[in-house]
Structure formats: C-alpha cells, structure tokens
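Hello,

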Amino acid sequence: MQRIGVFVCHCGTNIAATVDVKKVVEMVRYEQGVVFADDYMYMCSEAGQEKIIEAIKEYKLTGLVICSCSPRMHEKTFRACAEKAGLNPYMVEVANIREQCSWIHKDKEEATKKAVILARAAIAKVNLNTPLKEGESPVTKRALVIGGGIAGIQTALDIADAGYEVDIVEKEPSIGGRMSQFDKTFPTLDCASCILTPKMVEVNQHPNITLYTYSEVEKVSGYVGNFDVGIRKKARSVDFDKCTGCGECMTKCPLGKIGHIPSEFDRGLKNRPAIYMPFAQAVPAVPVIDRENCTYFKTGKCGVCAKICPSKAVDYEQQDEIVTVKYGAIVVATGFDIINLDKFGEYAYNESPDVITSIELERLMNAAGPTGGHLERMSDHKQPKDIVFIQCVGSRCDNEEKGKPYCSKVCCMYTAKHAMLIKDHWPDTNITVFYIDVRTPGKNFDEFYRRAVEQYHVNYIKGQVGKVMPQPDGSLLVQAADLLDGKQIKMKADMVVLAAAIEPNPGVRKIATMLTASIDNNNFLTEAHAKLRPVESPTAGIFLSGMAQGPKDIPETVSQAGAAAVKVVGLLAKDKLKTNPCTAQCDTLLCNGCSTCANVCPYGAITYEDIQVNDHGLRETRRVAQVNLALCQGCGACTSACPSGAMDLQGFSNRQITTEVDAICR
Amino acid sequence: MSFTNVENQVELIKEISGSDPYKCMKCGKCSASCPSYNEMDIKPHQFASYIIRGDVDELLSSKSAWKCLSCFACIERCPRDVQPGKLVDAARQLAERQRGGDHLQADEIPELLAEDLPQQLLVSAFRRYRR
C-alpha cells in the first residue's frame, strides 16, 4: 500500500485564477493511498520543494503527485526533489493542471472539476508505480556536423577547439555554403570571403576536424552518445591524395567553353566545365567530375582531363564509398535556399533576364563573380541606371502554394546593403526600394538602413509592386502604388531585384526523418524549448545551428553555432549518460514471437531469441521478443501494437494506463 | 441603407466573400495592381479597414465600389488571401440584398441589362458561378 502525498500548485495566478486550488486539495484528500495533501503558491520554488521534502519525511511518503505545470517543464525538478528526500524519483507523477487545464479553460467550476479528475488519474497511477533505476551508457567522444556553411564551420571549430573530434559532412564539393556566394556582409560591409575563407582553411587544417565533402548522410541509427552514421562519399573521380589543385583540368575541359552546364555556385549566371571546383577558394581544392554532364561518362570518349593532369589524379573508375562512423552528438546545420519563383508570374522572373534575385545580385557584384564585379544587365551587358528592389517576394505570404507565412528576416538589411554598395560604385544609379515594412532590429541595423536613405538617397516607397512588364525596348515597366502618397506609380527600370523568401534547405526533411528530429510546418527544425533550449532538438543528442532552425543573419548564426557547440561539448565531456529506465519489457510467457513489435519499433531495439519454456509440464522451444535496453527509447509503439499484451513499458505499464483511464471515468 | 450591428455586418461580408479582412497587412499589392486605381476615391488597400471599422455605407457611397472592374488582379495577387475585390463585391451584394434583389433569374438577365444593373455584379456572379 502506497503512502501518497498530493501537492497542488497555484503557479501564482496561472492556475489559481481558473482552478479552485483549495477545493482540489479537499477533493483528493480521501483518494486511495493519499495520506497528505496541501497547496502552495509556487511548488517549484525552494520553499515549495522544502515543503515536499518535509512532508516526505514526516508522513513517510512512498509516492508523490504534483498538480502543476506540464511535466516537460518541471518533472525533472520534482524528481530531483524526491530523490533528495530519499524517495525513488520514478515514484513522482505530475498532473498537468496548467497547460491542459487552467490555461485553456475559462469556467472556474468546470476547470476545478477537471483538475480534480487529472489529479485522481495521477494518484491512481502512483498507486501502481514501482521504483525504477536508471542504467548507464557510454559516450562516443566524437561529434558530427551536417552542413559545411558558416553555421557548420563555426560549430565544428568551437567543438574542435574544446578538444573533441568533429566530422563535417557537406553535400557540395566544397565547404563555405551560402556565405561564400555573398559579396559584402551587413552592417559593417566587410567582404564575405575575407572573413569566411580563413575559417574554411582553419577547418581544413584543424587536427580535430575531418571533412567529408561531396558526401551525404545516408543512414543513422543508435541514440544519444552512441549514434552510428553511414556517410556516402560520392565518387569525386579525382584522387584526393594525388591532386595538387593546379586547376589545369578545369581550364582544358572542352565543356567549359562549348558546354552549357550552369554553375550552381554562380546561380546559373555563368557556365562551368564538367570537371570543376565551385569557386577558386574552394576547400578542399580538389575538383570533382559531374558525371551526369561529362562527355567521357556519357559517351566513353574525351578523357582530356585525365590526359592533361600532371599528377595523374583523375580516376574515372572511382566508386561511391560508404563509411560508418560512431558519434556521441549530431549537429544539424543544413542551412537554407530561396524559394522557387515560378508562381510569381507577375514579376516576370522567368520572362526577363534582367529580373534577378538578390542572391544573383550578390554574384553579379562579387569581384570573383561571373562579371568580375561589374554590375551589368544579363540581357545586353549594359550597366543598369534605374534599379528597382521588391521586398517580401513570397515572405509573409498566407497563400502556401506561393510563399511562406514568415518574415525572412534578412532581406531588409541586405537590400539596404545592396543599394548602398551600388551607389558607392556607381553614384549616378537611381535606386527605388518598394517595401511593406522596413524591419531592422539589431545592433547598428536601423542606423544602417537610415544611412541608405539619408546619405545615399535611396528612394524607399511603401507599397508592394503589383506587376513588372518587360517592354519592347528592353526596359522593365514597374507598376506599384505609393501608399503613403496615395498615388499609383508606373516606373521604368533597367533591372529589378527580387528579395525572394528564404526556406530551409529542401534536403533537411530527409535528414530530420533519419534523425527522428522534429520539424515544423515550414520545414524548420523544432527546438526543444523555444526560449530555454533553443539549440537542442527534442530528440536527445541532436543539436541545431543556423538557418536550419529559423531565419537568421550571419551574426546570429555564429552565436547560435557557438551555443550548439557548447551543448555538444557538455554532452561529450560526460563519460557515461544515464539512460531512461522507462523501457519496454517482454513477458516471455505471453509472447508468441509474431514480430509485430519489431516491425513498429523505430529504434531497431527488438530482436528475437529461442528460449526453453516449461508450459504446464510440456517442455518446448519458443521464439520470443527481446528488448535491447540501450536502444529502447520508451516510445511505447510496441506495447500498443502487441496483439497478446506481452510488451509492457516500465513506468507506463498497461495496467497503470487502464487504471488512469478508470480513474478519469469514475 | 444603414447597419446597426457592425460585428454582424463584418460577419456577413466575411460569409459572402469567404475572405477575412483582418488578415490584411496593408502591403498595397492590390492598389499596385488595380487598373481602376485612379478612378477610385477609396483605394483597394483601404477596403479591409473600411469594413473592419464598419464604414460599409461610406464604401458603398464612394465611387470605388462601382468602379471596380472585377478583373480579379487583386484577388490573384493578394499575398494574405484578403482579396479586396471579393470584399467590395460582397459589400455590393449586401447593398443589392437590402434593395430586395437577392436572386437573378438567368432568363431575366437580358432584360435587366438594359436597366441600370451594375455590370460588376453580373461579371463577378458569372465568374464565381461559372461552373
């Protein structure tokens, strides 16, 4: 027989305003097993916890029910409190009367009734609780960072500097990500390459960092501290050890001159050869052969690169290789791209080469870009005189077929940057920015935008553009409304730049599925707690860095990368991790070896063995399920799937759950 | 025509138009797209506010309600699915209903055309019920 103490929290007015706390205490006082019941203003405070500890000692309590906020918030707190008083932490149950009761109801009487019911269910469960003991599992002291952009680079460097080994997996031939495509960075206007390339080199030379470029994560199994990750190293067709990075092959590849392979790095504004490095400062400086486009791979003829290579590094026979590596922690830093603009026919992006995206403008202004940094129209290579910027193309859009509901956060600032850089180089250019709102929160950000208006005389007009019409003379007619002046405007432009909405890298869905990390409706990775655990995924051992988690600029990305690294280091610094004791167990007397549980187990934790049983004097061999406790995460899928009721979850047994349901229906 | 219950009137317009004026973020893409902009005294991006405030009378007595060509450019391009063209169309329908003209019989239409039936009502009715 349990001796149960019930503690009802007011949570200030969070609970007490909607639930009659005193009444709950009175109503549960005579429930089975309850020997003590009390309420307090803040149960989680030090004084509240003291109250619990005193009661455990005075009334010799064997079980606790805390009626308070969600167990996600304070279950840990109350378990630790129980442990302090010598009680097994798994003898504590939390009845969530805040999120699931007071916050969502208005009628005090009804809410109080519901709070009593929730408390009764928890009391009924504690009556059947048994002390559970946490196990231990070792920690592999190596981290994996998926994505080699600025987020991944910074996370890896911070982990490596703390003394742990890190691997970066990057699907492109070089690390550097989006930032390596940029020209300058706001709000200080330092050149992106100048601040990024040293970091790329540092990553390449760091003794604790291993780079897997042109590689993809293919398979993930295991759990926090002990992940097994299969990495596909795509065939580069160039021998890493022999190649000196001289670049001779790229200049001699016939497709470089006559081919039409658009350069991904230059956003299709330039063509590239079939054997290529994305850009001159690529890390590693080893080219890859794009087998889909290479003449040799398509027809078996050509082979110029192999012949010309002075170090005989080109290897057409190379195969994809899959390596399996063990990791203790995984960081997702898969970054972003911009949305497809096919649905925005009104802006003529697919019609006119002079309507470009902001990231294409970055390439056009970059000294290493397709025009050598000279801003020109793609149609006639003339320098544009009148440039129109259109903000929020696909951002803050309620129509999910066309755009995204969120603000992309970086566009206001980079547009001000573009406008000022253009005015700096070519002061005669007329620049008009059509905005809905100018959003510039951040250190020195609004000052930056004001400088564009006050010092550079960039013309900011409130009102989104309705239509861009390519004209027979090669110019573009922009139709908009100046909402503050109350006038409709028709304006000629030589170039139109669209601030397209950003979206998480499309590949993130596949990766999140492999990692069982949750993502939101917009494919951004979900954090464990929006405020208090912003760089952790709810899945243990998975951490988040950069745009994969939500829109953010470079300073924020670097801060978040550092934060993720600290969390990883905190995990890797431990020698052992406590494992969740709420794992599945198989009752071998009931199990008939049907394999249903193994089929539904997302963690591969169930195997089968043959055991000898003595069934009423009949000796026989039976195939039964066996749970690997190190792999089991206690999700409970097997317990609900098992047709014979043999699978049971410790701490959430079938009997406990039906008793809870009975208590609710009483 | 006058309305006493503002909430009720907003609800009616929401019901007829199927769009929600509260979603408007005043981006002005409708006003930017509208071919009748210069003919209108109340501009398309203001329609939502007039309805939210309960100034439907004013909207209907303005030139705007009857200068809308029902071209649906604003409906096509509105990023918030507010669709000002549908809002003003709903306001017109509300006015017509109050005058007792709730339903149109297909065979009466040619006769009505000669009279002063607003062409917008016909155009949007045909567009909406073309199936």
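This is a predicted model: local features need pLDDT of at least 70, side-chain atom pairs count only at pLDDT 80 or more; totals for chains, interfaces and linings use all residues.

Residues are numbered from 1 along each chain as its sequence is written, chains are lettered from A and ligands numbered from 1 in the order in which they are written, and side-chain values use heavy atoms, with hydrogens and water left out.

Domains

Chain A is divided into domain 1 (4-126), domain 2 (142-234 + 320-335 + 505-572), domain 3 (248-308), domain 4 (337-503) and domain 5 (584-649); the bounds come from an automatic or database domain assignment. The centres of domain 3 and domain 5 of chain A, taken over C-alpha atoms, are separated by 55 Å.

Strands

Helices (H or I, at least four residues) and strands (E, at least two) are DSSP runs numbered from the N terminus, and two strands pair if DSSP finds at least two bridges between them. In chain A, five strands make an open sheet with parallel pairing, in the order E10-E7-E6-E16-E27. Its edges are E10 (209-212) and E27 (542-544) of chain A, each of which pairs on one side only. From one strand to the next the twist averages 20 degrees. Helix H6 (residues 150-161) of chain A packs on this sheet and touches E6 (142-146), E7 (165-169), E10 and E16 of chain A; contact means heavy atoms within 4.5 Å. The direction of H6 makes about 165 degrees with that of E7(A) (axes are lines fitted to C-alpha atoms, for helices over the stretch in contact, and angles run from 0 to 180 degrees between N-to-C directions). E16 (residues 329-332) of chain A pairs with E27(A) over three parallel bridges, and Val332(A) stands opposite Leu544(A).

Elsewhere, E23 (residues 476-482) and E24 (residues 487-493) of chain A pair in the antiparallel sense over seven bridges. Ala481(A) has Gln488(A) as its bridge partner. The two strands form a hairpin with four residues between them, and Gly486(A) in the turn has a positive phi of about 65 degrees.

Aromatic rings

Over all chains, a search of the whole structure finds eleven aromatic pairs. Rings of Phe, Tyr and Trp (its six-membered ring) pair if their centres lie within 6.5 Å; planes under 30 degrees apart count as stacked, over 60 as edge-to-face and the rest as tilted. Phe265(A) and Phe279(A) are stacked, 4.5 Å centre to centre with 15 degrees between the planes. These two residues are 14 residues apart, and both are buried (under 20% relative accessible area; exposed is over 50%, partly exposed in between, with a 1.4 Å probe and protein chains only).

Phe297(A) and Tyr316(A) have ring centres 5.7 Å apart and planes at 85 degrees, so this pair is edge-to-face. Phe297(A) is partly exposed at 28%, whereas Tyr316(A) is buried at 13%. Ring pairs also link Phe7(A), Phe36(A) and Tyr59(A) into a cluster.

A loop residue

Thr140(A) lies in the loop between E5 (135-138) and E6 of chain A and is buried, with a relative accessible area of 18%. Leaving aside neighbours within four places in sequence, Thr140(A) is in contact with residues including Gly225(A), Lys326(A) and Leu572(A).

Regards
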